[in-house]
Amino acid sequence: MQYISTRGKVEPKGFIDTVLMGLADDGGLMIPDVIPSVSAQTLEEWRSLSFQELFLKIFSYYTNGEIPDGDLKDMVERSYASFRHPEVTPLKEINDSLYVLELFHGPTFAFKDVALQFMGELYSYISRVRGEIIHILGATSGDTGAAAIAGVRGKEGIKICILHPHNKVSKVQELQMTTVDDANVLNLSVKGNFDDCQQVIKELFADLDFKSQYHLRAINSINFVRILAQTVYYFYAYLHLPQSVQGKTVNISVPSGNFGNIFSGYLAKKMGLPIGKLIIATNENNILERFVKTGEYKPGDFKSTHSPSMDIQVASNFERYLYYLLGEDSAKVSDYMAKLQREGVITVDSALLEQVQTEFAALGVKNDECLNVIGKYKQESGYLLDPHTACGIAAYEAYNGPGEIAITFATAHPAKFDEAISLLKISQEFPAQIAGLSALPQHMTVVEHDKAEIARQLEAFYTLSAEIG
């Protein structure tokens, strides 16, 4: 298998070179040149596999044997050894039609750990076997940063800088990032919103001289490995439904702001996972809902909500879906993305919109509705949802049909978002790893939303790197 850019102006790459490239050098996103097909028989054979075994099966379609099987297995075992649940991503029944896949049992209590614990191991492996310095640069709306830092802190040959929007992540999210005191970690708190942080990241990766000079590598979901690792739990969730519901339509409702998590489901479906609707759950920053309902993709005004990890107006992974929507025509993708850059909006025609609506449903959940769902499920089921998962449940209620089954992804532990939950007068017990954060000193630098200033911070940080020995 080789990997190509959605914009078609990058020579095909192998798996490891794709990992290292991150954002494609032509500004597009890397994708496999062919999506492998998993047969119904193979799916049946996978039902008894552990999460780690399933991970290895799925990755075997994509790595071209560039990583020896034993090395890959060791990486996977180390990646999930720190998860607090033996199943890694357990599936819980809430009622006759609703199951929740708990994705928050990793070190930072968020779904990003599933991919980023592995990516930390993968980057460490690449650094070691290729003798390469790895300088990771990423932006976060809250969870990616903490998970990425947890995945690489203290690892030899790797430095990581994370940009987060100043005062626009939850306090726990901020503390998880900024209480890390390892020398290979830099936190920049940017005066702006997540889209501002993400834009700077894209501009720095698009500066090919800067990218090459400072060995920049991506940890955000612009990196295809993030997408692929998340695909594993779609398969795991479907294959671990009880036998009593097999044969029914299975929809999956996914809290998604940057389109990465939901695109992983789209990839799983194209590989052959027989799921029904992919339901996009978002909040009042509802660009994805508007696209699915009207065909117009247009960033709106930024709003702070109870679900800050989805406070995003520009969804990076949307371009990957656009590539497939446009019949894998990279020239058309380039034209659409140039128009978006030039005019701030793109619109698909009615025929394409009809295709979008056969593949997705979407709901932008208001703040009050989010809180109402948290209160309702706590009272009726005794199950406490974080605000992002609550948006996913609201979307399930809106779009799951009679006789259908839904799996909603629980993307974070509720303790990470007590600011919202406390509004309902709900008290929760904090895990020890979270409860102890407030006593630790913080380490971050507050910067203006200015590419030049951020570049200066990076130059100073990265030039302190020692040669790998």
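Lys112 is part of helix α5, which spans residues 112–130. Helices (H or I, at least four residues) and strands (E, at least two) are DSSP runs, numbered from the N terminus. The model is predicted, so local features need pLDDT of at least 70 and side-chain atom pairs count only at pLDDT 80 or more, while totals for chains, interfaces and linings use all residues. Residues are numbered from 1 along each chain as its sequence is written, and side-chain values use heavy atoms, with hydrogens and water left out.

**UniProt annotations**

- An unreviewed UniProt entry lists Lys112 under "modified residue: N6-(pyridoxal phosphate)lysine"; UniProt positions follow the numbering used here, feature names are shortened, and annotations may be inferred rather than shown by experiment.
- Lys112 has a relative accessible area of 10% and is buried (buried means under 20% relative accessible area, exposed over 50%, partly exposed in between, with a 1.4 Å probe and protein chains only).
- Leaving aside residues up to four places away in sequence, Lys112 touches Asp143, Thr144, Ala147 and Arg226; contact means heavy atoms within 4.5 Å.
- For "domain: Threonine synthase N-terminal", the unreviewed UniProt entry lists residues 2–80.
- The chain over residues 2–80 is 44% helix and 8% strand, with its end C-alpha atoms 27 Å apart.

**The six-stranded sheet**

- An open sheet with mixed pairing is built from 6 strands in the order β3-β4-β14-β9-β10-β13; two strands pair if DSSP finds at least two bridges between them.
- β3 (91–95) and β13 (360–364) are the edge strands, and each has a single partner strand, so one side of each lacks a neighbour in the sheet.
- On average, neighbouring strands of this sheet are turned by 25° against each other, direction ignored. Axes are lines fitted to C-alpha atoms, for helices over the stretch in contact, and angles run from 0 to 180 degrees between N-to-C directions.
- Helix α10 (residues 224–239) packs on the sheet, where it touches β3, β4, β9, β10 (278–282) and β14, and its direction makes about 135° with that of β14.
- Helix α11 (residues 260–271) lies across β9, β10, β13 and β14 and runs at about 180° to β10.

**Strand β14**

- In strand β14 (residues 405–410), 6 of its 6 residues are buried.
- In a regular strand the side chains alternate between the two faces of the sheet.
- Ile405, Ile407 and Phe409 point one way from β14, Ala406, Thr408 and Ala410 point the other way, and all are buried.
- Strand β4 (residues 98–102) runs parallel to β14 and is joined to β14 by 5 bridges; Tyr99 has Ile407 as its bridge partner, and Leu101 stands opposite Phe409.
- Strand β9 (residues 250–255) is also parallel to β14, with 4 bridges between them, and Ile252 stands opposite Ile407.

**A helix pair**

- The axes of helix α12 (residues 287–294) and helix α15 (residues 350–359) come within 7 Å and cross at roughly 120°.
- α12 and α15 are therefore oblique to each other (angles under 35 degrees count as roughly parallel, over 145 as roughly antiparallel, 65 to 115 as roughly perpendicular and the rest as oblique).
- Phe291, Val292, Lys293 and Thr294 of α12 make the contact with Leu353, Val356 and Gln357 of α15.

**Cysteines**

- The structure holds 0 disulfides (a disulfide is a pair of cysteine sulfur atoms within 2.5 Å).
- The closest cysteine sulfur to that of Cys161 is in Cys197, 10 Å away and too far for a bond; Cys161 is buried at a relative accessible area of 0%.
- The closest cysteine sulfur to that of Cys391 is in Cys370, 4.3 Å away and also too far for a bond; Cys391 counts as buried at 1% relative accessibility.
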